[in-house]
Amino acid sequence: MWFDILPSFWEGTKITIELTLFSAVIAFFLAFAAGFGRLSKFRAVRLLAATYVEVFRGTSLFVQLFWIYFALPLFGIMLPKMVAGVLALSLNAGAYGSEIVRSTLISVPKGQSEAAIALNMTPWQRTRLVILPQALVMMLPAFGNLIIELLKGTALVSLITLSDLTFVATVLNSSIMRPTEIFSVLLIIYFVISLPFTKGIQWIEHRLSAGRY
Amino acid sequence: MWNWEYAIKILPEILKALKITISATFVAFVVALVVGLMLTLARRSNFKPLSLFAGGFVGFVRSTPLLVQLYFIFYVLPEYGLSLTPFVAGVIGLGLHYSTYLAEVYRGGIESIPPGQWEAAKALNFSTLNTWKKIILPQSIPPVIPVMGNYLITMFKETPILSAITLVEIMQTAKMLGSHSFRYLEAFTIVGVLFLVLSYSSSLMVRRLEVRLNLR
Amino acid sequence: MSVPLKLIYNEDPTKNIGSEVRKNIVRPIVTYNNISKSYGDLQVLKNIDLEIAPGEKVALIGPSGSGKTTLARLLMTLEEPTSGTIEVEGEMLWHQRVNDKLIKANEKHLHQVRGNIGMVFQHFNLFPHMTILRNVMEAPRNVLGLSKDEAKERAVKMLEQVGLSSKIDAYPAQLSGGQKQRVAIARALVMRPKVMLFDEPTSALDPELVGEVLEVIKAIASEGEMAMLLITHEMDFAKDVADRILFFDQGKIIEQGPPKKIFNNPESERLQTFLSRFNRH
């Protein structure tokens with residue numbers, strides 16, 4: 001009796017995975033832009049990046065999604081559900097991601113950039129050859145966790161009636177009224193999607209603690 | 001576009017709902033603190049099934065959406081005769097979800113205690129209970145208070161999700177106001193600004209607390 | 001500009017005259033003009049004037065916190081002077097002359113002048129994510145623009161010179177402190193700087209590893225071409241290697257001269273006290 005409802009989840013699963021991947025890619029770029037922006041030598045850039053990060057960390061994804069979907073149209077900006085969903089998810093995750101980028105960049109010991117200066121590297125070479133390779137490795141586990149948070153966040157788009165996994169489940173439940181099975185299956189599907197990321201993070205953390213660092 | 005008159009008119013109603021939001025936050029936080037500590041201790045237990053269960057619970061709850069967990073509590077439990085009000089279901093769901101994060105916070109605090117402290121407690125023949133109560137927890141909790149404060153703020157920001165199980169907190173109030181007037185801009189913007197101001201100012205307080213603790 | 005200087009040096013008419021006289025003949029490679037440096041209310045360098053001749057080995061001694069390290073860091077452009085100017089081969093380091101006015105140097109200018117200077121740090125600062133070979137190759141490739149083969153050849157030769165050619169594929173974490181510091185020396189040398197700064201290169205090492213690093217530095221010093229500024233607490237080493245010793249205290253050069261004079265006939269009371277602390281051991 002559990003299996004008969006499984007196929008109904010297929011389309012929703014695809015939407016959920018698509019949402020997660022699209023948003024993760026955009027969030028990744030935003031995270032680097034804002035993370036570097038907060039360390040810029042130009043005050044205006046620092047201020048802009050900090051404002052973005054504080055606004056999107058100071059409110060929840062829920063509020064951001066609803067604002068983008070329901071309030072923006074009053075400015076004449078009417079976004080399709082999928083676009084509104086990806087936009088809210090990636091802006092939100094990008095703000096958290098920028099903190100990962102910023103904190104790992106500044107956690108590379110000062111002696112590293114001093115050694116790079118002593119070798120007469122240009123600022124860009126210092127970042128590209130010395131700082132970033134060391135910071136990237138440290139970022140990986142945190143970015144893995146961010147993707148899991150992003151995946152969990154996608155469930156909220158069901159509330160603007162985008163037909164992701166959760167939306168499919170609630171519609172199904174209102175027609176066949178079998179909440180125990182439907183919501184159990186739903187939770188398990190999310191858990192299964194997140195598994196590769198959880199395992200990947202564990203693997204990386206294990207390698208980092210055993211490795212040459 | 002933006003109507004000040006309307007915004008001022010709806011402001012008192014939104015502020016009234018803030019009371020529900022804040023009480024849900026604090027009750028859920030207490031749930032998270034208590035369950036989080038229990039999970040941490042259970043994971044360290046020598047009784048394998050208990051530690052495995054706690055580890056599995058943390059892993060599962062952390063990688064599934066809070067919204068779905070709330071649906072589960074709100075729609076599945078009544079099937080087994082346990083009907084909960086939106087408020088109770090909401091604070092249990094929110095509290096359980098964040099208990100898994102707080103479990104990690106406790107763990108970090110406990111693991112930062114040097115082994116010498118455990119050995120000293122053993123040398124003085126303290127019971128297990130007393131070792132925890134008198135030696136380990138009093139040292140491991142104060143340093144992580146700022147992190148706990150940050151989770152309190154996170155939980156506060158997440159309370160709008162409780163509107164999905166019909167709890168009338170500020171987001172639900174804003175939604176209802178919006179659907180009556182077909183104007184969402186003012187209501188949602190007010191909610192956003194309220195969250196931003198409250199969470200940003202509290203996070204500044206947490207940062208100050210952190211500095212004070214570091215100075216000690 | 002470097003050609004006439006090199007000529008003077010190759011002929012080396014001054015070899016036996018001693019550095020005090022020599023610096024009046026040869027144009028200094030580094031000049032500190034009235035340099036001061038403060039952090040807030042704390043003044044760590046007070047109106048320092050100092051000239052270093054090409055090829056000259058200068059040792060800086062003095063109590064910790066006396067400003068020795070800051071003096072080197074200003075020259076490496078790791079820190080900016082509060083006032084005064086520094087010249088390298090007659091060219092301003094921290095300043096540029098634009099329309100007869102001195103303005104703060106931009107990154108491009110710093111990049112151009114900094115190429116003459118190399119530095120070895122107290123804590124090595126090797127790049128942990130690169131093998132030993134790449135640590136030494138990276139700057140010749142990217143900064144000097146050498147081809148991969150040329151850079152590798154130069155790096156390997158340099159690592160042989162410091163006795164580490166067998167460790168080429170290891171990562172820094174796999175080396176002892178002494179080996180790390182020798183790699184760091186190779187990494188700085190491979191850029192062929194005209195001035196090398198050594199900032200307490202042995203003070204982070206276990207005592208039994210100090211010797212191997214000092215040997216390497218001595219060998220480089222004996223080749224003679226490079227000016228060296230050595231900050232050290234190893235008095236015997238300073239005596240051996242340096243042409244001139246500067247005694248630093250509280251942000252000032254208190255006394256300077258050839259090693260013999262400084263160690264055998266210290267004039268100032270402060271230097272006498274400082275040296276007596278070492279002699280007791």
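Buried area is the accessible area that two parts lose on being put together, summed over both. With that term in hand, I shall present this structure, which is a predicted model.

Let us take chain B and chain A. How much area do chain B and chain A bury between them? The value is about 3200 Å², and 75% of it lies on carbon and sulfur atoms. Chain B brings 38 residues to this contact, and chain A brings 34 residues.

The polar side of this contact can also be counted. There are 10 residue pairs in polar contact between chain B and chain A, both residues being at pLDDT 80 or more. Between these two chains the count of salt bridges is 1. Arg207(B) and Glu54(A) form a salt bridge, with their closest N and O atoms 3.9 Å apart.

Which helices of chain B each supply at least two residues of the side that touches chain A? They are H2 (48-62), H3 (66-76), H4 (86-111), H7 (145-158), H8 (170-181) and H9 (185-215). The largest share, 10 residues, comes from H9(B). By class, this side of chain B divides into 22 nonpolar, 9 polar and 7 charged residues.

I now move to chain C and chain A. The area buried between them is about 2000 Å², and carbon and sulfur atoms give 60% of that. Here 27 residues of chain C are in contact with 22 residues of chain A.

How many salt bridges are counted between chain C and chain A? The count is 2. The side chains of Arg73(C) and Glu114(A) meet in a salt bridge, at 2.6 Å from N to O. There are also 9 residue pairs in polar contact between chain C and chain A, both residues being at pLDDT 80 or more. On the side of chain C that touches chain A, at least two residues each are supplied by helix H4 (107-114), strand E8, helix H5 (132-142) and helix H7 of chain C. That side has 15 nonpolar, 7 polar and 5 charged residues.

Let us now look within chain C. Six strands, written in the order E8-E9-E10-E3-E11-E12, form an open sheet with mixed pairing. Its edge strands are E8 (117-120) and E12 (252-257), each of which pairs on one side only. On average, neighbouring strands of this sheet are turned by 20° against each other, direction ignored.

Within this sheet, how do E3 and E11 of chain C run, parallel or antiparallel? Strand E3 (residues 57-61) and strand E11 (residues 244-249) run parallel and are joined by 4 bridges. In this pair of strands, Ala59(C) stands opposite Ile245(C). Helix H7 (residues 177-189) of chain C lies across E8 and E9 (195-199), running at about 175° to E8(C).

Chain C also holds an open sheet of 4 strands in the order E2-E1-E4-E5, with antiparallel pairing. Strands E2 (42-52) and E5 (91-92) are its edges, each pairing on one side only. Strand E1 (residues 30-39) is joined to strand E4 (residues 83-88) by 5 bridges, and Tyr32(C) stands opposite Ile86(C) in E4(C).

Which helix packs on this sheet? Helix H3 (residues 68-75) of chain C does, touching E1, E2 and E4, and its direction makes about 115° with that of E1(C).

How values were computed: Residues numbered from 1 in each chain as written. Chains lettered and ligands numbered in written order. Predicted model: local features only at pLDDT ≥ 70, side-chain atom pairs only at ≥ 80, totals over all residues. Heavy atoms only, no water. Pairing = 2+ DSSP bridges. Axes fitted to C-alpha atoms, helices over the stretch in contact; angles between N-to-C directions. Contact = heavy atoms within 4.5 Å. Buried area = accessible area lost by both parts, 1.4 Å probe. Salt bridge = Lys/Arg side-chain N within 4 Å of Asp/Glu carboxyl O. Polar contact = N/O pair within 3.5 Å; in protein donor to acceptor, adjacent residues only side chain to side chain. Nonpolar A, V, L, I, M, F, W, Y, C, P; charged D, E, K, R; others polar.
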